[in-house]
Each structure stands twice: as C-alpha cells, then as structure tokens.
Amino acid sequence: MVKGKKGLGKGIESLIQNQISDMIEESVKEEKPDTYLKVSMIDPNRNQPRKVFDENAMEELSDSIKKYGVIQPLIVRKQGSRYEIIAGERRWRAAKMAGLREVPVIIKNYTDQEIVEISLIENIQRENLNPIEEALAYQTLIKEFHLRQEDVAVRVSKSRTFITNTMRLLKLDERVQNMLSETMITSGHARALLAIENHDLQYETAMKVYDEGMSVRDVEKLVKRLSTPQNRQKEELEHDNHEQYRVIYENAENRLKSIMGTKVNIKNKKDNQGKIEIEYYSLEELERIMELFDRIQQK
C-alpha cells in the first residue's frame with residue numbers, strides 16, 4: 001500500500017512565522033557550533049515525538065556522515081553532567097553508527113514544553129512523523145502541559161479540526177494503530193474504521209482492508225454496512241462463533257500433541273470440516289507414530 005505524503009497545513013512559511021519555529025531557524029542559521037561533545041555524553045530526547053527511524057535512511061545518513069561529517073550541529077540542553085537532544089536525534093544516531101566520537105552541538109536553554117514543541121514542529125516540517133506519533137505528540141502537549149487543542153493548533157499552524165481528527169486515531173485498537181504506523185493502512189482507512197466500536201472486529205476489518213487492498217471508499221461502504229444494527233449483530237455473532245471454534249480447535253491440537261508427542265495442526269474449513277496434519281522428523285519417529293496408532297486400534 002502506498003503511503004501518501006502529508007501536507008503541511010498552511011505551509012512552511014506560516015510555520016516559520018511561529019515563535020517556536022523562529023527558535024529553530026535562529027539556531028540553524030548559526031554557522032559554527034558552540035562546541036563539540038562526545039557522543040557518549042548525549043542522551044536522546046525523552047519526549048521525542050518520532051519513535052520509528054527508517055533503517056535504510058539511517059544507513060544512508062551514516063555513510064554520508066562518514067564522508068563529510070555532521071554538517072548541521074545538534075541542538076542540545078545541559079542536564080546535570082550530561083546533555084539532552086532538542087533537535088537532531090537522527091544525526092546523533094547516524095553519527096554513532098558511523099563511529100564518530102564527537103559531534104558539533106549548539107547548547108540552548110529551553111523549557112520542557114518548548115522542547116516538545118520544537119521537536120514536534122521540526123518533525124512535521126520534514127514530514128518525519130507517522131500519524132500515531134503525531135497524535136501522541138499533540139496528546140503530550142495537551143495532557144502534560146495543559147494546553148488546549150486551540151493552543152496546539154496555533155503552535156503547529158494546523159487547524160483545530162486537524163488536531164482533533166489526528167488525536168481521534170488514538171481511540172483505535174492498539175493493533176490497528178500499529179498497522180497505521182507501519183503503513184499497512186492509511187489515515188483515511190483508519191478514520192473510517194473508527195466507526196467500528198468492537199475492537200476485535202475493528203482489527204479483523206483492518207486486516208481485511210490490508211489483505212484485499214481496499215480503497216478508503218470501499219472501507220467506508222463496508223463500515224456503513226457493518227454499522228446497521230442487523231449487520232453489526234450478525235458480524236459480532238460470527239466473530240464470537242469464530243472465537244469459540246478457535247478455542248475448541250486449539251484445545252484439540254494440544255490434546256493431540258500430548259498424545260502424539262509431536263507437532264499437530266488442525267486446519268478447519270467451512271461446515272466444521274478440515275484436516276489434521278501430524279509432523280514427523282525422521283523415519284524412526286514415523287514408525288513410532290504408526291506403532292502408537294496400532295496400539296490405539298487394538299484397544
């Protein structure tokens with residue numbers, strides 16, 4: 001499934017006008033770093049919105065750093081005897097991969113709230129965050145720093161509606177959130193799935209969306225059908241029956257494994273039909289299983 005690029009709302013120009021963006025711009029414009037710090041003295045930002053770092057992109061950046069060094073300094077703040085990254089965690093990780101002992105840094109003195117805002121805006125500008133990371137960052141600003149959605153919207157130059165819709169994604173089943181983070185489904189798919197309140201059914205539907213490559217419009221139609229009381233009850237009943245049969249088959253598998261002393265798979269089909277697969281790993285083990293059948297037949 002192709003991951004579409006997110007827009008920047010009112011654009012980078014309006015973001016630069018934001019007070020926090022001005023802080024970033026001012027720091028980046030400095031031609032020389034304040035100093036160089038040992039990589040081992042620097043810690044990642046505990047409130048970094050970005051949780052997923054693409055391995056291939058990191059390797060490419062690491063190769064570039066090996067050739068040219070770290071061109072843009074990291075922005076850090078002093079924390080006791082150590083330093084915490086405000087901006088530039090990707091460069092720091094790549095520098096470690098490249099085997100650098102020191103990196104250029106600019107030391108700033110920002111509050112916790114300013115750091116979260118700077119990290120969030122930097123990642124939004126570079127389109128680095130997946131929708132769940134972005135939603136969690138907004139949630140952090142609201143819960144930990146007691147901001148309103150309107151305040152967050154102003155800081156990141158997004159509409160309040162955009163902030164609300166993004167944060168709604170956190171109501172998804174955790175498994176569906178992971179699928180969204182891994183680009184198995186898109187934000188459009190995810191928003192359509194929010195109408196399914198049963199989380200197990202929501203996840204099963206998300207897997208159906210992924211397996212069948214459904215469009216957002218297809219998902220909306222499917223969810224609409226499931227949302228009618230009759231269809232919803234039917235789907236939930238089928239889900240419950242599926243779970244009951246799954247437990248029965250798992251118990252049967254475990255009983256057969258205990259008797260056979262080897263791996264047993266029960267593959268059920270429709271109408272309670274299926275087949276049993278018994279694995280063996282040598283001719284001697286096959287003979288042992290056959291002897292077991294002979295003893296059972298004689299009883």
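T183 is partly exposed, with a relative accessible area of 26%, and this residue sits in the loop that runs between α9 (174–181) and α10 (187–193). Although T183 is not a glycine, its phi is positive, at about 60 degrees. These values, like those that follow, are computed from a predicted model.

- Most residues other than glycine have a negative phi.
- S157 is a further residue other than glycine with a positive phi, in this case near 55 degrees.
- The loop that holds S157 lies between α7 (149–156) and α8 (160–168).
- S157 counts as buried because its relative accessible area is 8%, and the cut-off for a buried residue is under 20%.
- T183, by contrast, has a relative accessible area of 26% and is therefore partly exposed.

- Helix α12 covers residues 216–227, which makes 12 residues, and from its first C-alpha to its last it reaches 16 Å, close to the 16 Å expected at 1.5 Å a residue.
- Within α12, the residues V219, L222, V223 and L226 are buried.

- R288 belongs to helix α14, which is made up of residues 283–298.
- With a relative accessibility of 34%, R288 is classed as partly exposed.
- Once its neighbours within four places in sequence are left aside, R288 is in contact with M260, G261 and T262.
- M260 and R288 are 28 residues apart in sequence, while the distance between them in space, taken from C-alpha to C-alpha, is 9.2 Å.

**The protein chain as a whole**

- The protein chain contains 14 helices and 7 strands.
- Of the 299 residues in the protein chain, 40% are buried.
- Among contacts in the protein chain with a separation of 6 or more, 68% are between residues 24 or more positions apart.

How values were computed. Residues are numbered from 1 along each chain as its sequence is written. This is a predicted model: local features need pLDDT of at least 70, side-chain atom pairs count only at pLDDT 80 or more; totals for chains, interfaces and linings use all residues. Side-chain values use heavy atoms; hydrogens and water are left out. Helices (H or I, at least four residues) and strands (E, at least two) are DSSP runs, numbered from the N terminus. Buried means under 20% relative accessible area, exposed over 50%, partly exposed in between (1.4 Å probe, protein chains only). Contact means heavy atoms within 4.5 Å. The expected span of a helix is 1.5 Å times one less than its number of residues.
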